[in-house]
Amino acid sequence: MQPRPPEVASLYQTEFTRSARAVGVLWGVCTLCFAVIEVVILIQPSWVGTGEIHYHPDEYQRPQLQPPASGSLGLYEVCVETDWLVPDCRGSVSSLAPIPAFQSAAVFVCMSLVLVWISVGCLALFRFCNSATVYKICAWLQLCAGFCLALSCLVFPDSWDAPEMRFLCGDEVGSFSLGRCSVHWAFILAILGVLDALILSTLAFVLGNRQDALLPSSAPPNKNGTRHLLVT
């Protein structure tokens, strides 16, 4: 390995640093957006909902029979549509008590949420610590967050045989069987969040390795006391 001439090395280092910073800023913004998405995934009662109902009105004219309920549910809330514009919702995230059947999924989502927001907090460490170290810490946090979110997406369908699900989706509901319900956007967003976490963690590992390569410790110092890049 031979050192570049100082002028060429300085120019290469400047361009390298600019591109790394631009990608790093984009990664930081996406990390913050991912943290907000995690909050939405946790609090929205839109993981599963009733689909379009087809029945003959005469079937429910007798007093003992009622039309099937229509609504949606999440990890903490069950919302039933009413004659008014505002649905009737039971449960709340503020109570810190998820629907009993979905406790495992809620715990994994909460763990993922905490890990992602810790990675957001670690962005402040760029002012005090080595950038490569911060990138790698955030990468591991995001990778673990994606793993927890993936576990929540796996255990959630296994809990569909619950009273709340039977109330909305009928007696034919069961584990990994939605009956007359369908998957709603919050559950799809959780699945996309797993892919997002994987992409962000991979990008953070790449940025961390590039920061390590930016100023190798083996590079000889120039006359100003700084180190310039080496090339193969």
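Arg-166 is partly exposed, with a relative accessible area of 31% (buried means under 20% relative accessible area, exposed over 50%, partly exposed in between, with a 1.4 Å probe and protein chains only). Its side chain meets that of Asp-161 in a salt bridge, at 2.5 Å from N to O. This is a predicted model, in which local features need pLDDT of at least 70 and side-chain atom pairs count only at pLDDT 80 or more, while totals for chains, interfaces and linings use all residues. Residues are numbered from 1 along each chain as its sequence is written, and side-chain values use heavy atoms, with hydrogens and water left out.

**Salt bridge**

- The structure holds one salt bridge (a side-chain nitrogen of Lys or Arg within 4 Å of a carboxyl oxygen of Asp or Glu).
- Asp-161 has 44% relative accessibility, so this residue counts as partly exposed.

**Disulfide Cys-79 to Cys-89**

- Two disulfides are present in the structure (a disulfide is a pair of cysteine sulfur atoms within 2.5 Å).
- One of them joins Cys-79 to Cys-89, with 2.0 Å from S to S.
- Cys-79 lies in strand 4 (residues 78-80) and Cys-89 in strand 5 (residues 88-90), so the bond ties together parts that are ten residues apart in sequence; helices (H or I, at least four residues) and strands (E, at least two) are DSSP runs, numbered from the N terminus.
- The link of Cys-79 and Cys-89 is right-handed, with 110° about the S-S bond.
- Cys-79 counts as buried because its relative accessibility is 6%, whereas Cys-89, at 33%, counts as partly exposed.

**Disulfide Cys-169 to Cys-181**

- Cys-169 and Cys-181 are also joined by a disulfide, with 1.9 Å from S to S.
- Here the pair links distant parts of the chain, twelve residues apart: Cys-169 sits in helix 4 (residues 163-169) and Cys-181 in strand 6 (residues 181-183).
- The torsion about the S-S bond of Cys-169 and Cys-181 is about -100°, so this disulfide is left-handed.
- Both Cys-169 and Cys-181 are buried.

- With the bonded cysteines of the protein chain numbered in sequence order, the pairing reads 1-2, 3-4.
- Cys-138 is in no disulfide, and the nearest cysteine sulfur, that of Cys-122, is 4.7 Å away.
- At 0% relative accessibility, Cys-138 counts as buried.
- For Cys-144, the closest cysteine sulfur is in Cys-148 at 6.8 Å, which is too far for a bond.
- Cys-144 counts as partly exposed, with 37% relative accessibility.
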